[in-house]
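Please look over the model shown here before reading on. The paragraphs after it go through its parts in turn.

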Amino acid sequence: MKNHVVIFDTTLRDGEQSPGASMNAAEKLRLARQLEKLGVDVMEAGFPASSPGDFESVRTIAREIRNVQVTALARTSKEDIDRAWGAVRDAANPRIHTFIATSDLHLKYKLNMDRDQVVKEAVEAVRYAKSFTDNVEISTEDGTRSDRDYLCKIFGAVIEAGATTVNLPDTVGYAVPEEYSQLITYVRQHTPNIHKAVMSVHCHNDLGLATANTLAGIRAGARQAEVTVNGIGERAGNTSLEEVVMALNTRRDLMKLETSINANQIHPTSRLTSMITGIVVQPNKAIVGANAFAHEAGIHQDGVLKNPMTYEIMEPETVGLAGNNLVLGKHSGRHAFKDKLAQMGYELSNEELNRLFGKFKELADKRKEILEEDIEALVAEEILRVPDVYELKYLNVVSGTVEVPTATVKLKIRGEEAKSAGFGVGPIDAAFKPIDAAFNTIAKITGSSSKLMRFSVNAITGGMDAQGEVTVRLQENGLVALGKGTDPDIITASAKAYVNGLNRLEYMKKNPRLSPNEGLR
Ligand code: KIV
Ligand code: ZN
């Protein structure tokens with residue numbers, strides 16, 4: 001059996017199904033480029049039948065990304081498969097990924113079909129997809145709660161019809177590792193033609209077992225792992241790419257398996273995903289959390305100083321964590337800045353570079369030391385996040401312990417400038433009153449009726465002059481959007497996050513999406 005594990009990244013599809021994480025086309029393309037650099041084998045760019053916006057995003061990615069297989073999700077209907085093919089057909093190496101549920105529960109309550117009908121539908125879908133490309137994957141949704149002999153029957157039939165990858169998802173995160181391993185082994189032993197296809201695993205993290213299940217599936221012979229960066233995804237998320245890859249790398253002695261991932265791109269990809277989606281990485285998250293390589297206990301620190309191997313099973317540099325190295329300062333010139341950006345993987349146009357350099361100089365005036373994380377935040381703020389509708393041009397807040405805080409705000413709305421002033425009337429906490437004033441004023445100008453459901457502030461780097469990173473969660477008529485903003489001033493960071501959240505809501509209103517299970521018979 002081959003020792004290469006195919007890394008199938010679904011951050012842009014299952015990951016994007018995380019509440020509030022929707023990305024616009026430009027953001028998806030940025031992330032796709034980074035995933036290519038990370039070295040994933042396959043990227044699932046979206047679900048084209050879900051919305052015209054998603055179709056366009058997938059099509060753009062398929063045209064731009066040349067070194068990775070690009071796939072799109074489709075239900076088993078011809079219309080869905082046509083949309084998926086229409087979106088990926090220009091890819092250097094396109095794949096169609098179709099799926100149908102196989103558990104009796106889903107058959108009865110969702111599909112209203114019997115088992116034979118599902119096999120027939122799956123076979124027809126694979127045959128139809130094969131009329132476009134040889135590279136066809138099929139997933140048996142809710143596979144881990146399906147009858148195992150029925151799984152063998154359907155896998156046998158779809159492989160006969162030409163499926164080249166068969167995926168057995170733990171859609172609801174129900175399996176435990178031993179059980180999942182036994183199921184994969186059983187299917188591999190009892191599906192006679194299984195060797196003609198790559199067996200794939202796809203796990204959700206409802207019980208916190210997604211990575212363990214994925215590794216168990218791989219140990220049982222699966223050779224494709226479906227994962228997302230930072231483990232983002234529906235509900236508790238999907239299997240995290242970085243955990244699987246680093247488990248395979250770190251325990252190569254035991255597993256003797258390889259992936260094509262450039263591990264030193266793991267950290268930049270994690271940061272970028274968080275910047276773009278607004279989903280904060282928990283500090284204790286394995287591999288990419290802020291504390292993943294921090295040693296707090298004195299005894300550990302002492303050990304690490306003597307020999308890092310005492311308490312570190314991986315070196316931070318291997319996952320692209322540069323540490324808080326001073327990278328640039330106030331006196332750094334345009335050339336050094338451009339070089340640093342190139343080293344970090346950002347190739348910008350002259351116009352983008354000029355704009356960013358101006359912002360860098362402003363930041364360098366406020367902060368003595370500019371670290372990589374600061375530069376990443378600048379790039380996200382100025383280049384990556386595309387202001388669909390609203391752009392913050394100016395914010396001035398006057399506040400004090402006894403004053404009623406007042407904010408003056410200028411926004412650009414669809415190219416037109418609008419200005420207003422307002423007061424803070426909300427939270428009692430004096431520290432948040434100025435933010436409240438800024439939010440009220442922005443809400444007044446934009447006419448937004450969204451509700452602020454969550455507000456959190458983090459420091460990007462250490463030190464008193466660290467940049468603040470604010471995340472907001474907004475809700476409007478059933479839509480949920482996350483917004484992120486960074487600035488040395490947390491009131492400005494908050495306003496940027498709020499405007500970013502409003503832009504995402506506008507994007508979602510313009511691009512209503514079906515979830516993969518909607519619109520089923
Ligand atoms: O979790 C799941 O079952 C899926 C399929 C569509 C592959 O995401
Ligand atoms: Zn899934």
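This is a predicted model: local features need pLDDT of at least 70, side-chain atom pairs count only at pLDDT 80 or more; totals for chains, interfaces and linings use all residues.

Residues are numbered from 1 along each chain as its sequence is written, chains are lettered from A and ligands numbered from 1 in the order in which they are written, and side-chain values use heavy atoms, with hydrogens and water left out.

The protein chain is assigned domain 1 (6-277), domain 2 (294-382) and domain 3 (390-510); such bounds come from an automatic or database domain assignment. Taken over C-alpha atoms, the centres of domain 1 and domain 2 are 33 Å apart. Between these two domains, 11 residues of domain 1 are in contact with 14 residues of domain 2, where contact means heavy atoms within 4.5 Å.

The largest nonpolar core has 114 residues, and M43, V166 and I266 are those with the most contacts inside it. Domain 1 and domain 2 both give residues to this core, so it lies between them. A nonpolar core here is a set of buried Ala, Val, Leu, Ile, Met, Phe, Trp, Tyr and Cys residues joined through side-chain atoms within 4.5 Å. Buried means under 20% relative accessible area, exposed means over 50%, and partly exposed is in between, with a 1.4 Å probe and protein chains only. Leaving aside neighbours within four places in sequence, I266 is in contact with L38, E242, V245, M246, I261, I287, V288 and V319. A second, separate core has 27 residues, including I435, F439, I442 and V470.

Distant parts of the chain are linked here: D14 is in the loop between β1 (6-9) and α1 (25-38), and H204, 190 residues apart from it, is in the loop between β7 (198-203) and α8 (210-219). Helices (H or I, at least four residues) and strands (E, at least two) are DSSP runs numbered from the N terminus. D14 and H204 are both buried.

Next come the charged pairs. The structure holds 36 salt bridges, each being a side-chain nitrogen of Lys or Arg within 4 Å of a carboxyl oxygen of Asp or Glu. K285 and E242 form one of them, with the closest N and O atoms 3.0 Å apart. K285 lies in the loop between α11 (266-277) and α12 (298-306) and E242 in helix α9 (residues 241-250), so the pair ties together parts that are 43 residues apart in sequence. Both K285 and E242 are buried. E242 is also among the contacts of I266.

R59 and E56 meet in a salt bridge of 3.1 Å, N to O. Being 3 residues apart in helix α2 (residues 52-64), R59 and E56 are separated by about one helical turn. R59 is partly exposed at 24% relative accessibility, and E56 is partly exposed at 37%. In the salt bridge of D134 with K130, the closest N and O atoms are 3.7 Å apart. D134 is exposed, at 58% relative accessibility, whereas K130 is partly exposed, at 25%. A network of salt bridges links E16, K28, D54 and R513.

T76 is placed in the loop between β3 (69-74) and α3 (78-88). T76 is buried, with a relative accessible area of 11%. Its side chain makes a polar contact of 2.8 Å with that of E121. A polar contact is a pair of N or O atoms within 3.5 Å; within protein, one must be able to donate a hydrogen and the other to accept it, and residues adjacent in sequence count only if both atoms are side-chain atoms. Not counting residues up to four places away in sequence, T76 touches I81, T98, F99, I100, E121, A122 and A125.

Two backbone angles remain. Most residues other than glycine have a negative phi. N230, which is not a glycine, has a positive phi of about 65 degrees, and R235 has a positive phi near 50 degrees. N230 lies in the loop between β8 (224-227) and α9, and R235 is also placed in the loop between β8 and α9. N230 is buried, with a relative accessible area of 11%, whereas R235 is partly exposed, with 45%.
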